[in-house]
Amino acid sequence: MKMVLRRSIAFRIIVPVIAVTGIIGIISYLFLLRTISDFAHRQIGIGLEEMSKDIYEIYDNALNELVSKGLMNDDRAVKIQKARTIARIEEFMRVNNLRGVIYEQGGKPKEISSERLNMEAGPLELQELYESIRNLKEKKVSRLSFRGNDYYVFQMNLDLWKWHLIILKDASEHSSLLARVWLLYIITAIILLSSALFLMVYLRKVIHEPLNSIISSIKRGERPEYEGIEEFEFLSKNIKTMMDSLERETRLLNYVYYIAATKRGGDFFEEVVRAINHLFDINSLIARIGDDGKTGHILALYINGEIKKGFSLPLIGTPCQDVLEKRHLVVIERDVMKLYPDSELLREAGAESYIGFAIFDRKGQPIGILNGFGKAREYSESDIKVLQTLGQVVATEIERIDEEGEKERMREQLFQAQKMEAIGTLAGGIAHDFNNMLQGILGYASLLKLKIPETDPIYKPLEVIERTAERAAELTQQLLGYARKGKFLVEILNINDLVSAVIKIISRTFDRAIEIKTDLSDNIWRFEGDKGQMESVILNLCVNARDAMPGGGILTISTYNREIKEGDLPYSWARPGSYVVISVKDTGVGMDKETMKHIFEPFFTTKEIGKGTGMGLAMVYGVVKNHGGFITVESELGKGSTFTIYLPRTEAETKKDISEIKTPLAGAGTILIVDDEEAIRNLLRDALSGLGYSVMEASNGREAIELFNINKDRIDLIILDLIMPEMGGEETLIRLRQIDPDVKVIIATGFGVTQSLQEILKDRKVSGFVNKPFNIAEISEVIKTTLFKG
Amino acid sequence: MDWQGKGNIASVLFLIIAFLFCLPDHVNAAPPIKIGLTLGLTGKYSEMSEMQRKGFELWQREINSKNGLMGSEVMLIIYDDQSDPERARMLYETLIEKDHVDLIFAPYSSEITEAVAPIIERHGYPMVVSGAASDRIWQRGYRYIFGLYTPASRYTHGFLELLVMKGINDLAIITSEDPFSHEVAEGTRKWAERLGLSIRHLEAFKKGLKNLTSIAKKARASGARVMILCGHLEESVDMKNALKRIGWNPIYFATVGPATERYLELLGNYSDLTFSTSLWEHNVNFKHCKDFYDSFLKTYGIRPTYHAATAYAAGQVIEEAVRRSGTIERESLRKTLSSMEAMTIIGRYKVDRTGLQIRHQQLIIQWQKGRKEIVWPESIRTADPIFR
């Protein structure tokens, strides 16, 4: 309660007023009244002294007169002169408003003169007074009180006549001055106090009461209705307006909340523009900003009672341009058409006024605009606040839609990835079996060809079998490539070299109507990869590009370096980092979205039956992914497509190419063949026996270990299949090494050099490896090299 | 036609004559300055009042002959107040409110002056008191009332000094009960005390009491050697007669009355050796004093008393004040009169802050063988005082 009192306006005004009043009072007392009083006393003292000199002069002149006339010894003359002197002194006293007495000294003191002007006292009392004065030690000016009056007293001796002179001056003459000063002081004090009082009452009337009336209304939750003093009326009206506005805003916010809570997407935006029309009686437009920043994709447009949406509008030449450029609110209350004569939308709406502002996402990036336009009107702060709140809600909804879209895309991608994985596994399985079968066909065709002369009538058919099988093997390779199980000979590669190699091929073979352009970065980073696979990836993309431009066009191959950050990754499984990028762009027919969804699936083709295998892009996808990279596609119908491949950069140095060997080489020694596929065991046994090797066979790992345990001194080399039932190649390799750490092992696999195989090659000291299906020449070379490495 | 022609000539002549007659009056184009006053031209103060009238009129004549006041003719308006204070009051109101006088002169006697002073004060007319000596007038705090001669309280002072010099001590003071006389008596008492004289008898009697014999007897019985009578002409004569009746011949002093020729006329030889106070005598050697005396005698055929001289002197004071102020504006005149010092035919003019005259010197005269001799102050005495 005390605190409340202290903080009240009344208290804070009254206390200083009283304090100032008091200070003025004290100051005027100390410095004015006392000074005047002291000054008056001093002046009176000086005056009395001056007068005493005058009186002395009267006495002096009288004496001189007597002396000059030689009458000093004439008692009668002296008596007369004394009487005259007394008369003169009396006259002087009267003129100067003094009173007093002269005593003749010697014997009994005798009052010989007294002026009783205004002194209400009997002779006895006066006698007493004069006696008391005579007894005063102070012989000059002093003060005394007598019968309630103050007097200044001066006394002197006039020696020759033995007179003692006492002069009284009524202090009340000056006290009237002092009284006036006092009166003035009291009047001032009264004026000050009454002013303070009046001020308090007045302040209570003009400040406290109006404020109270306003505050109590507010406390009751009512609108203040104060009328009277302009400032408070202003305050009251404003508070009322604010309360109205607050209530209105609350209603509006409820409305907005209702929309936000119950509507989603297109409905939401529709509802918002309807709401704006309902609240402000204006047309309105909610648009997303296009990537170019110049186009608005209309989310909802309310114009002349109609809702329109789902189209784009150029923003140039409209107030929206300013809104986006300046990023702040634009309010034009009238004649907006004069300012933006080119805006069709405004013209169509017959707009006179405009209000618009950009809406921002959570990162503060403008993502859209909200406009209102219509008849000339003014926008209050409250209106603007409501519209901005709507803008916020719209921004949230746009962001929500975006996030939903992103989630959907991610889900789609995951689904796609799973699908691809499933297809890959399926394709890999088929390809594996198919590969083994082809190994038999191809192997025996090769073997037979070795066994018969070229002139033999069966030689040509054997060649056909071999070529067909090779084509089949190629297809299998592609299938395996897609399934990320293709061969993988890792090298440090320069993408520009690969592009150059591919361009050599395509510039010879592509139609001249296709212009080939390159834009290769000079300082391109290196990457690790399989040269052949990567070349075929680029070639595949180029072929696809060509096929997309049947009437000719421009094929552009670009390479460049790119740092990819977390936020820029197109696939959830991709990793941020430094990438070597190659993009292949055509100006062809382009693709629709549905097509784009499926292009990387195996056997999906848009080409006529027989013209494409449907494995091209599937292989590309698999190879790139197998290389730790990723691929993106941009395409628009009628405008062409761009495929962009990102391959992780490597810091390692370039390795030398592996040279190829064409003819099977003869040799000697015992070779253990470990493969679950009987056809392969037979092929290898026949082929290696033919080349001079002794051959032992095991159909699985366990069998191989047993055989090696018995014949480890005889066996010079083991050819080990990696994928086998019972005991796999890897485990078998470990066990073999336990028996003989120096045993020479060649891995034969149809899945290429995978990451795990790379590690096996490194750790288990594999002597060499061959890709299935292999030809005899290839494996004979590897065997020879391995045995000779010693 | 002839008749008409003669008439015309007559008219022209009349105009010329009228012009010539009017000429002196019209030398000053300014309107005349009107000065009003009342005097007891009838009644108890008629003797002294008549003298005063003559004094004022002589001054008026002379000032007008000297181009007037500030170049304006002085016009006196004198009413007879019949020696009645009430009438005087009424007449002064008339002078101020109806006659719209520019300035005023004072009436005769302390009694009447006291009566009209409040009116004068109220209207803010400066008044030089030429016919009153009562100290009380100046004890009322008036601002416009200025004394011209010695106040009553000092009337007898010179006489008492003479007594001291002669070594005569014992006094009887008898006073009429009018204010002036009372103040004279009081002043006498005070001075006697100062001078160490002994007052054997002090008695007052009602004004108008003709037989003062019993009082004279009491005075004689007191052992007094000197009889001081405070009153006017009538009382001074009555007391002298009472003394004669009881056969007592003390040193006799009487105020006012013995200063006039009338005292001599009434008492003849018996007036001899009577002392009195005079405010002026023609044989004092103040400037213009002789001129005034001669002029008065020539004009009126009689010798002026001090009453005439004080009236004339009042005119002189006003004349000097107007000259110094340069205006007849009354507030300016008041200020000038308050502070100025001047010389008139009756002596010095200087008042204190109450307006009381403080520089005028009274005279003590004594009738010696039918001659009025100045016996005090010593410096201007015409004869030595005779005490017998």
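**A strand and its surroundings**

Modeller: Start with a strand in chain B. Strand β9 (residues 251–254) of chain B is covered on both faces, with B:I251 and B:F253 buried on one side and B:Y252 and B:A254 buried on the other. Buried means that 20 or more other C-beta atoms, placed from the backbone, lie within 10 Å of the residue's own. Strands are DSSP runs of E with at least two residues, helices are runs of H or I with at least four, and both are numbered from the N terminus. This is a predicted model, in which local features need pLDDT of at least 70 and side-chain atom pairs count only at pLDDT 80 or more, while totals for chains, interfaces and linings use all residues. Residues are numbered from 1 along each chain as its sequence is written, and chains are lettered from A and ligands numbered from 1 in the order in which they are written.

Biologist: In which sense do β8(B) and β9(B) pair?

Modeller: Two strands pair if DSSP finds at least two bridges between them. Strand β8 (residues 226–230) of chain B pairs with β9(B) in the parallel sense, over 4 bridges. Within β9(B), B:Y252 is the residue opposite B:M227.

Biologist: What unit do β8(B), helix α8 (residues 233–246) of chain B and β9(B) make?

Modeller: A crossover is right-handed if, with the strands pointing away from the viewer, the path from the first strand over the helix to the second runs clockwise. These three elements make a right-handed β-α-β unit.

Biologist: Which residues are buried in helix α7 (residues 213–221) of chain B?

Modeller: They are B:I215, B:A216, B:A219 and B:R220. Seen down the axis of α7(B), the buried residues fall within an arc of 140°, so they line one face of the helix; the arc is taken from the directions from the helix axis to the C-beta atoms. They pack against β6 (170–176), β7 (198–205), β8 and α8 of chain B. Just after α7(B), B:G223 has a positive phi of about 90°.

Biologist: How many residues does each chain give to the contact between chains A and B?

Modeller: Residues are in contact if their C-beta atoms, placed from the backbone, lie within 7 Å. Chain B gives 11 residues and chain A gives 9 residues. On the chain B side, α5 (157–166) and α6 (179–194) each supply at least two residues, and α5(B) has the largest share, 3 residues.

Biologist: What is the average pLDDT of chain A?

Modeller: pLDDT is the predictor's confidence in each residue, from 0 to 100. Chain A averages 80, and 89% of its residues score at least 70.

Terms used: Two residues are in contact if their C-beta atoms, placed from the backbone, lie within 7 Å. A residue is buried if 20 or more other C-beta atoms lie within 10 Å of its own, exposed if 12 or fewer, and partly exposed in between; C-beta atoms are placed from the backbone.
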